[in-house]
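Please look over the sequence and the structure shown here before reading on.

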Amino acid sequence: MGSTHFGFSSVSAGEKRQRVMGVFSSVAGQYDLMNDLMSGGMHRLWKRRMIASAAVGLGGRVLDVAAGSGDIAIGMARKVGAAGRVVLTDLNGAMLAEGARRVIDVGLLPGRADCVQSDGSELAFATASFDQVTIAFGIRNFVDIEAGLAEFYRVLKPGGQLMVMEFSRPVLPLLDLIYDAYSFNVIPLLGEKITGDRASYQYLVESIRSFPNQRRFTKLIEAAGFGLVRHENLTAGVVAIHRGYRL
Ligand code: SAM
């Protein structure tokens with residue numbers, strides 16, 4: 001792969017991977033606090049919706065890609081119950097360490113929830129080995145989004161569901177303006193005050209703006225082979241959940 005985007009900058013694929021690593025290594029320790037501050041706690045509601053509406057049932061096997069500090073994985077582990085299994089995977093060891101710590105804190109032992117470090121676009125798992133793949137706020141950081149979607153398709157069993165939650169495009173004109181002003185003025189400043197790292201939060205805002213809108217992302221998921229692809233807007237499109245199936 002040639003050049004790609006890191007926020008609004010054009011960089012090589014190798015540089016993006018390295019810089020994304022740098023961002024998440026830098027923010028890992030304050031990641032949960034910053035999520036609450038930046039979204040006013042909304043991310044908890046978005047994640048709750050994602051977990052509640054996932055297709056997988058009791059006893060299912062779930063892969064949570066870009067799992068970070070594990071919010072989705074923990075909810076999914078509760079959903080699939082003691083007979084189920086959730087695997088958390090993330091490119092970044094510092095973020096995955098946060099996930100591993102939290103999984104143990106809530107009493108999920110190995111076998112019910114396991115952590116494996118891997119790149120979401122080169123997954124270290126067998127073909128057709130999961131009933132559900134989830135990824136929340138991760139895919140916009142990938143160097144190669146299409147390669148990631150192809151990998152999610154490969155590791156899903158036929159009939160399995162993919163759910164991707166990502167920042168998207170507000171569908172209300174006024175909200176669009178308010179959201180832009182908030183994103184570009186408040187979030188980098190908050191990042192600087194709380195973590196001392198303004199640049200990582202500037203990247204966050206720019207990466208959100210550079211990510212495909214609801215319609216374009218639907219097309220990418222379909223191009224990876226998924227069927228019945230639909231999206232659901234949350235908070236008027238600030239966030240969208242895309243769902244698709246390996247048929
Ligand atoms: N899913 C968690 C959540 O919703 O709170 C964490 C989301 S955090 C914004 C993005 C995560 O994506 C980070 O933990 C980062 O390390 C991970 N990530 C970035 N690029 C990745 C890749 N290519 N493969 C796997 N994980 C990646």
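The structure is a predicted model, in which local features need pLDDT of at least 70 and side-chain atom pairs count only at pLDDT 80 or more, while totals for chains, interfaces and linings use all residues. Residues are numbered from 1 along each chain as its sequence is written, and side-chain values use heavy atoms, with hydrogens and water left out.

An open sheet is formed by 7 strands, in the order β5-β4-β3-β6-β7-β9-β8, with mixed pairing. Its edge strands are β5 (113-117) and β8 (227-234), each of which pairs on one side only. On average, neighbouring strands of this sheet are turned by 15° against each other, direction ignored. Helices (H or I, at least four residues) and strands (E, at least two) are DSSP runs numbered from the N terminus, and two strands pair if DSSP finds at least two bridges between them. In general, strands of a sheet pair through backbone hydrogen bonds, either parallel or antiparallel.

Strand β6 (residues 130-136) has 6 of its 7 residues buried, so it is largely enclosed by the rest of the structure. Here buried means under 20% relative accessible area, exposed means over 50%, and partly exposed lies in between (1.4 Å probe, protein chains only). Strand β3 (residues 61-65) pairs with β6 in the parallel sense over 4 bridges, and the bridge partner of V62 in β6 is Q132. Strand β7 (residues 156-167) also runs parallel to β6, joined to it by 6 bridges; A136 stands opposite M165 in β7. Together, β6, helix α6 (residues 145-155) and β7 make a right-handed β-α-β unit. A crossover is right-handed if, with the strands pointing away from the viewer, the path from the first strand over the helix to the second runs clockwise.

The loop between β8 and β9 contains T235. T235 has a positive phi of about 45° although it is not a glycine, and at 36% relative accessibility it counts as partly exposed. Most residues other than glycine have a negative phi. A128, in the loop between β5 and β6, is another non-glycine residue with a positive phi, of about 55°. A128 is partly exposed, with a relative accessible area of 33%.

How are the helices α3 and α4 packed? Helix α3 (residues 42-53) and helix α4 (residues 71-80) meet at an angle of about 35°, with their axes 10 Å apart. Axes are lines fitted to C-alpha atoms, for helices over the stretch in contact, and angles run from 0 to 180 degrees between N-to-C directions. The contact (heavy atoms within 4.5 Å) is made by H43, K47, M50, I51, A52 and S53 of α3 and by D71, I72, G75, M76 and K79 of α4. By class, this contact has 5 nonpolar, 3 polar and 3 charged residues. Ala, Val, Leu, Ile, Met, Phe, Trp, Tyr, Cys and Pro count as nonpolar, Asp, Glu, Lys and Arg as charged, and the others, Gly among them, as polar.

Finally, D197 is found in the loop between α8 (187-195) and α9 (198-210). D197 is buried, with a relative accessible area of 13%. Leaving aside neighbours within four places in sequence, D197 is in contact with S26, V27, G191 and E192. The C-alpha atoms of D197 and V23 are separated by 9.0 Å, although the two residues are 174 residues apart along the chain.
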